[in-house]
Amino acid sequence: MQLQQSISLKPYNTFGINVLAKYFASFFTVDELSELLNNSKLQTTNSQLILGGGSNILFTQNFDGFVLKNELKGISLVDEDADYYYVKAAAGEVWHQFVQHCIANNYAGIENLSLIPGNVGASPMQNIGAYGVEIKDIFFCLEAYHIHEQKTITFSLQDCQFGYRESVFKQQYKGQFVILSVTYKLRKRPVFNTSYGAINAELEKMGVTDLSIQAISQAIIHIRSSKLPDPKKIGNAGSFFKNPQISKFRLHVMKEDCEKILAYPVDDKHYKIAAGWLIEQCGWKGFRKGDAGCNPLQALVLVNYGNATGKEIFDLSTEIIQSVEAKFGITLEREVNIM
Ligand code: FAD
Ligand code: EPU
């Protein structure tokens with residue numbers, strides 16, 4: 001645990017934005033976290049950011065506070081019953097490595113979430129989701145450290161109030177907790193989920209005849225790699241905006257002007273609109289201004305081709321929001337955490 005001053009956050013965010021943190025320290029144990037939270041420098045800045053893999057953050061300015069990098073490690077099978085394994089992972093474990101560990105041990109249900117960047121600790125923050133599965137579907141409980149009360153509290157599935165890219169930690173408990181570990185409830189007998197998008201077509205292309213969680217994971221890795229830029233090569237934070245939700249009635253009205261609009265039912269009365277499609281229709285796909293751009297393969301992803309500033313990416317996102325609003329009357333909401 002070493003306290004550093006005025007360090008660049010460029011290696012610590014997948015957008016590759018070069019800003020400075022006033023103070024930076026990694027913690028490897030809960031005692032170290034507690035010690036850092038009691039550090040007099042933190043008390044004076046009174047502003048801290050808990051950082052995982054930095055894959056869902058856009059820094060638009062220097063961070064005039066204390067960055068605490070979570071390096072808590074460990075994976076263990078804590079319990080099992082007739083149907084489930086209960087697997088606990090420390091918050092600093094890399095998400096995809098944890099998924100691979102589960103797949104290797106035949107812990108099923110997590111395979112559709114393969115190759116999502118970031119760490120375990122952030123997975124409940126926005127209830128990460130992909131290819132028909134969200135964290136809430138495999139979540140059992142989590143332990144989190146209350147920053148001011150300095151005690152560990154356990155949250156159940158209900159306590160977390162998960163929604164689409166939402167949880168209690170992004171709402172009323174924002175900035176109050178450090179997630180220490182998450183326990184997932186994974187199936188002993190897999191229930192394959194291949195209905196989303198191109199999974200079945202990809203499995204067929206791979207020549208898979210015997211379906212398995214390994215094969216699904218591979219198919220999803222192929223699909224994701226074909227359209228999402230690798231942050232090691234091109235800076236990005238995945239989808240920059242959420243897919244907006246509208247009422248069935250509003251969709252009906254919109255279809256009168258725009259028959260081809262891409263919408264998916266959420267429930268009896270609501271539809272989710274593909275924001276990537278809206279952005280593409282406004283002509284942004286492949287757009288580039290300086291080093292800030294809109295991914296040519298998936299318009300929902302904004303990219304940094306090298307030396308874009310966070311403000312340039314943010315300003316581009318504002319222009320996109322305005323043009324989608326003007327053309328479709330829908331206001332896109334940013335999904336990435338803006339700092
Ligand atoms: P960070 O970016 O480090 O942090 C995100 C937020 O969580 C910050 O507010 C931070 O303060 C907070 N936080 C992080 N760890 C903790 C902790 N232990 N305790 C308290 N607060 C914490 N997301 C999806 O949902 N689905 C996808 O399919 C998907 N695909 C992606 C593809 C690419 C190429 C990229 C770059 C990103 C993608 N994402 C996706 C977004 C991102 O991977 C997830 O949001 C991921 O969970 C972020 O993890 P992280 O550790 O990098 O979080
Ligand atoms: N589409 C377009 N043009 C585009 C992009 C998409 O027409 O430029 C269309 C696609 O052809 C498809 C539909 O929009 O018919 C949906 O696209 P896709 O399957 O790529 O998914 P998405 O809705 O754009 C969401 C998540 C992703 C997640 C995928 C797969 C959000 C905000 N994004 O993207 O999550 O991986 O589904 O489940 O919900 C992330 O959060 O960072 C992320 C990448």
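Student: Between which domains does ligand 2 lie, and why?
Tutor: In this predicted model, the shell around ligand 2 takes residues from two domains. Because both of them contribute, ligand 2 lies between domain 2 (75-187) and domain 3 (235-338).

Student: Which element gives the largest share of the shell around ligand 2?
Tutor: Helix H6 (213-227), S13 and helix H8 (275-281) each give two or more residues to that shell. The largest share is three residues, and these come from H8.

Student: How many charged residues does the shell around ligand 2 have?
Tutor: Of the 23 residues around ligand 2, those that come nearest include Glu280 and Glu335. By class the shell has 11 nonpolar and five polar residues, and the charged ones number seven.

Student: What share of the area of ligand 2 does the protein bury?
Tutor: Oxygen atoms of ligand 2 are 2.9 Å from a side-chain N or O atom of Arg165 and 2.8 Å from a backbone N or O atom of Ser239. Taken alone, ligand 2 exposes 810 Å², of which the protein buries 82%.

Student: What share of the accessible area of ligand 1 does the protein cover?
Tutor: Polar backbone atoms of Ile50 and Gly54 lie 2.7 Å and 2.9 Å from oxygen atoms of ligand 1. On its own ligand 1 has 980 Å² of accessible area, and the protein covers 93%.

Student: How many charged residues are in the shell around ligand 1?
Tutor: Ligand 1 has 33 residues around it, and Arg224 is among those that come nearest. The shell has 16 nonpolar and 15 polar residues, and its charged residues number two.

Conventions
Residues are numbered from 1 along each chain as its sequence is written. Chains are lettered from A and ligands numbered from 1 in the order in which they are written. This is a predicted model: local features need pLDDT of at least 70, side-chain atom pairs count only at pLDDT 80 or more; totals for chains, interfaces and linings use all residues. Side-chain values use heavy atoms; hydrogens and water are left out. A residue is near a molecule or strand if one of its heavy atoms lies within 4 Å of it. A polar contact is a pair of N or O atoms within 3.5 Å; within protein, one must be able to donate a hydrogen and the other to accept it, and residues adjacent in sequence count only if both atoms are side-chain atoms. Accessible areas come from the Shrake-Rupley method with a 1.4 Å probe; for residues, only the protein chains shown count as cover. Ala, Val, Leu, Ile, Met, Phe, Trp, Tyr, Cys and Pro count as nonpolar, Asp, Glu, Lys and Arg as charged, and the others, Gly among them, as polar. Helices (H or I, at least four residues) and strands (E, at least two) are DSSP runs, numbered from the N terminus. Domain bounds come from an automatic or database domain assignment.
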